[in-house]
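Biologist: Before we go through this one, I would like to learn how to read its features one at a time. Please show me the structure first.

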Amino acid sequence: MIVMDIESSGLDSGRCGIWQIGAVELENPNNTFIQEARIDDKDEVTQEALIITEKTEQELRDKNKQSQKQLIENFLNWCKKCRERIIAGQNVGWDISFIQNKCIRYGIHDKFHDLLGVRIIDLHTIANLKYKEKNGVFRLKDEKTGKSNMSLPNVMKFCGLKDNRRVVENGKLIKEGEAHNALTDAKLTAECLRRLLK
């Protein structure tokens with residue numbers, strides 16, 4: 001299983017760019033992938049993305065870095081060497097759809113589909129099912145909306161892991177900590193999966 005995460009310049013996959021992909025092979029944790037790229041000229045950048053990653057827009061647009069297309073192709077080539085090409089992550093459907101949208105834009109969707117497809121395992125789902133098994137209810141933000149509150153920090157807490165990363169809400173830093181990094185987040189997600197599956 002490949003546990004992956006991306007760092008992007010914002011949440012809208014149609015308007016923002018991917019600047020970092022990190023991944024770890026769950027069964028072989030020494031096999032990791034971490035690379036960065038420059039976002040495209042037309043990609044938007046949000047303030048929240050800059051705060052959470054401690055990056056500047058200039059760093060995300062650095063012409064000395066490889067293109068997003070090359071980053072994605074390198075990631076796909078790395079995935080090709082993994083024994084199980086099932087993708088897992090926290091809210092991983094978002095990450096995969098982001099990559100898939102870029103693959104369509106760059107004309108490499110067939111390569112994406114041949115190597116990975118869209119078969120995924122979501123940490124959020126597994127954690128919320130385990131939480132309900134233990135507590136009799138899903139972890140919700142509040143009863144009115146009924147929306148899930150099983151964010152990665154909450155999954156980590158549920159799994160007995162400390163979260164040292166910074167937290168940003170509504171464009172404002174609300175907790176100091178380590179900047180988000182795709183490989184670090186993929187490794188944290190992998191550890192949560194290991195604990196929940198055992």
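**Reading a predicted model**

Modeller: Asparagine 91 has a relative accessible area of 47%, so this residue is partly exposed. Keep in mind throughout that the model is predicted.

Biologist: Where does asparagine 91 lie in the chain, and which residues does it touch?

Modeller: Asparagine 91 is in the loop between strand 4 (87-89) and helix 4 (92-106). Leaving out residues up to four places away in sequence, asparagine 91 touches Asp122 and His124. As for arginine 139, it is 48 residues from asparagine 91 along the chain, and the two C-alpha atoms are separated by 15 Å.

Biologist: Where is glutamate 54 found?

Modeller: Glutamate 54 sits in the loop between helix 1 (47-53) and helix 2 (57-60).

Biologist: Threonine 53 is next on my list. Is threonine 53 buried or exposed?

Modeller: Buried means under 20% relative accessible area. Threonine 53 has 4%, so it is buried. This residue belongs to helix 1. A polar atom of its side chain lies 2.7 Å from the backbone oxygen of alanine 49. Beyond residues up to four places away in sequence, threonine 53 touches Glu7, Trp19, Ala179 and His180.

Biologist: Which side chains make polar contacts with the side chain of arginine 165?

Modeller: One is the side chain of histidine 180, in a polar contact of 3.3 Å. Another is the side chain of aspartate 185, at 3.2 Å.

Biologist: Why does arginine 165 count as buried?

Modeller: Its relative accessibility is 5%, so arginine 165 falls in the buried class. Arginine 165 is placed in the loop between helix 7 and strand 6 (167-169). Not counting residues up to four places away in sequence, its contacts include Leu152, Pro153, Met156, Glu178 and Leu188. His180 is in contact with arginine 165 and is touched by threonine 53 too.

Biologist: Now the cysteines. How many disulfides are there?

Modeller: A disulfide requires two cysteine sulfur atoms within 2.5 Å. By that rule the count is zero.

Biologist: Last, the surface. Which residues form a nonpolar patch there?

Modeller: The patch is formed by Leu129, Phe138 and Leu140, with about 250 Å² of accessible area together. Leucine 140 is in the loop between helix 6 (123-135) and helix 7 (152-158).

Definitions and conventions:
Residues are numbered from 1 along each chain as its sequence is written. This is a predicted model: local features need pLDDT of at least 70, side-chain atom pairs count only at pLDDT 80 or more; totals for chains, interfaces and linings use all residues. Side-chain values use heavy atoms; hydrogens and water are left out. Patches are made of residues with over 30% relative accessible area and no salt bridge: like charges are joined within 9 Å, nonpolar side chains (Val, Leu, Ile, Met, Phe, Trp, Tyr) within 5 Å. Accessible areas come from the Shrake-Rupley method with a 1.4 Å probe; for residues, only the protein chains shown count as cover. A salt bridge is a side-chain nitrogen of Lys or Arg within 4 Å of a carboxyl oxygen of Asp or Glu. Helices (H or I, at least four residues) and strands (E, at least two) are DSSP runs, numbered from the N terminus. Buried means under 20% relative accessible area, exposed over 50%, partly exposed in between (1.4 Å probe, protein chains only). Contact means heavy atoms within 4.5 Å. A polar contact is a pair of N or O atoms within 3.5 Å; within protein, one must be able to donate a hydrogen and the other to accept it, and residues adjacent in sequence count only if both atoms are side-chain atoms.
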